[in-house]
Amino acid sequence: MSVIAGVFFKRGKDRVLQTLDMLYRRIQCFPGDSAGYWSEGAVGLACRHQWITPESRSEKLPYVPDGQALAITADAILDNREQLFERLGISLARRGEMTDSELILHAYVRWGVDTPVYLIGDYAFAIWDSRSACLFAARDPLGNRTLYFTDNEERFAFCTAIEPLLRLPRTDSRINEVWLSEYLAIPTMLDSTDPSSTVFSAVRQIPPSHSLMISGSNRLILSRFDWLALSGTLRYRRDHEYIEAFHEVFSEAVRSKLRTYKAVGASLSGGLDSGAVVSYAATALQQDNRELQTYSYLPPGDFVDWTSSSFVANERPFIEATVRHVGGNIREEYLDLASQDPFSEMDELLNIREMPYKAFENSFWVKALYDNAGRQGAGVLLTGAQGNHTISWGPALDYYTRLLKRMRWIRLHQELRAYSRRMRVGRSRLLPLLGKEAVRSVLPVSLQNSDDEFPAMIHPDFALRMRVRERLKEGGADAALHEVGVWSQRERHFDSAAIQNLIGTSGAKFSLRFGLWERDPTADLRVIRFCLSLPTEQFVKQGMDRALIRRATKGRLPDIVRLNQRVRGVQGVDWIHRMQPVWAQFISELRALSKDSLVAGLINIPLVTAGIRRIEHGARSEFAMDDEVRFLMRCLIVYRFLKQKAYSSV
């Protein structure tokens, strides 16, 4: 993990050192093992370096190779080092000691601005090429590292974090009302449909899967690079060949994520994704006599699970089954965080994330996982965050609806018979559901039932003034306003820089704060390409949803986890219970929000007022999954952020 920064003066280069020093001093607040800066002429680069990989302990950043007109500062861990060594002709003697930043520079010498296409891993880097007087920067396809920038007629500056840029002279710190209007209008977790924008008017960011180029004579150019490079549907003759191929791809992805000289941690729930990651990682680590430290979130001991029989709030029995089954090199830790709640943690989370956030139910305990892992010496924290769209994708009922629409009667009959047996539900109950879904799926969005849409936070007058609905439609972002079907979700998930920005930025922010690196094998580029190339039938099979990972983890996960299709974990459903001691403060701040002119024309105050009346007499645990109550918490987060930043629309 590194916090990188830099500046490029288009004119007035005598201020380079002064500006670089400002950035350099600001990034020292982040955890790090070393720091450095470099400048030449109109450009300066800086880095606050956290050692994670074995090679990084000897890494000097910024790196300026002798005899070359190049300099690099980088926040990067590459996962395809061996492939790059071969392609670039790096000698065997050099490979063991070569750092990732040096390897990126070798790739740039060979491929120039096409370099990101050849890289697999998490990265944000900037290269100064004095031969063309050009600054080239790039961000990985999944946005797992961040890179923000400001640009005016005199100066271009960039940094991993936003705050150091806002402290520079002549940088406007006003709130970006276009971004804010979209954040408030979009009912899903998405913050904005423009992945290059931020909550601050003067600060932009390089979107995931994009590179940036700027020189003294040219305008700033953002370009998207193609990283999926799918070659069509993968076909094998026998089912077991798909599983063997998965083992090979996923094992390689997991092994590459373990490259640290520090301890390895992992987030472990009771589900398939994190369970698969932990199983493969523990096996790989055991070969080197290394342990895996797992961290699992639990509700507090006095929480009574009020959810239906198809949900479970406390996943400990499933987690313990996974730990027992996988092996003896796992040290598990359970975090019930009895004294913590999302309301009391709000200010610190806003400081870490540097923007409002919507996933408040989970953010406070995710922070605790990072904190514990960092304090216990972990260099990486494994997750399975994107597994739902890769290794464990496979929505059975949606697949059966597709079979129905395509009139594939024999396969539909076989699958429904197997599914009804596994789920203990009669086929006579399934067919009407499939028929209804088939009809709904062909209707335009405007005719689909949207009664359950999340309440809009945006004030109608603000929405009208910003033309937010029109802008979202003009930008082809209708889907951002509605929860679309799983087929459309998967088709656009990895292709959307806005979605990847949302997911990747969250992990990057926690990594920076706690000095360790989140690594997700389920979102490894090789795993994504493999899973997207498989026939749909590999994901729903013999009445099993998520069939690929269920078959692939046979013997690797206990059947109570591997074959569980009837109960789903709902982490974070205890958030209302946790807030009972601070409920009066919560209501009091909501009342202040409803009367504050700061947000009177921004937030939908009538809905806030109605919500207060509904909950002011006490906290009820079942409020946790009530969209109208969750709406209030989201509004409060925005309100707190705007107050912190002394918001003004003038």
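Predicted model: local features only at pLDDT ≥ 70, side-chain atom pairs only at ≥ 80, totals over all residues.
Start with the whole chain. The protein has 25 helices and 18 strands. Its C-alpha trace spans about 75 × 65 × 45 Å along the principal axes.

Five strands make up an open sheet with parallel pairing, in the order S15-S13-S12-S16-S17. Strand S15 (330-335) and strand S17 (517-519) sit at the edges, each pairing on one side only. On average, neighbouring strands here are turned by 25° against each other, ignoring direction. Strand S13 (residues 292-297) is joined to S15 by 6 bridges, and these two strands run parallel. Within that pairing, Leu292 stands opposite Ile330 of S15. Helix H8 (residues 272-286) lies across S13 and S15 as well as strand S12 (263-267) and strand S16 (378-382), and runs at about 165° to S13.

The largest cavity has a volume of about 210 Å³. It is lined by 23 residues, and Asp122, Asn144, Glu518, Asp520 and Ala523 are the closest to its centre. H18 gives the largest share, 5 residues. By class, this lining splits into 8 nonpolar, 6 polar and 9 charged residues.

The second largest cavity holds about 110 Å³ of space. Of its 18 lining residues, His49, Ser56, Glu59, Ala76 and Ile77 lie nearest the centre. Strand S4 (residues 70-78) provides the largest share of this lining, with 4 residues. Here the lining has 8 nonpolar, 6 polar and 4 charged residues.

Finally, there is an open space to look at. The second largest pocket has a volume of about 590 Å³. It is lined by 22 residues, with Asp79, Asn80, Gln83, Glu252 and Arg526 the closest to its centre. Helix H2 (81-88), helix H7 (239-257) and helix H19 (525-532) each supply at least two residues of the lining, and H7 makes the largest contribution, 5 residues. Sorted by class, the lining of this pocket contains 12 charged, 6 nonpolar and 4 polar residues.

Methods:
Residues numbered from 1 in each chain as written. Heavy atoms only, no water. Pairing = 2+ DSSP bridges. Axes fitted to C-alpha atoms, helices over the stretch in contact; angles between N-to-C directions. Contact = heavy atoms within 4.5 Å. 1 Å grid on protein atoms, 1.4 Å probe; cavity = no way out; pocket = protein on both sides within 12 Å on 5 of 7 lines; lining within 4 Å. Points joined across faces, edges and corners; volume = space filled by probe spheres on them. Nonpolar A, V, L, I, M, F, W, Y, C, P; charged D, E, K, R; others polar.
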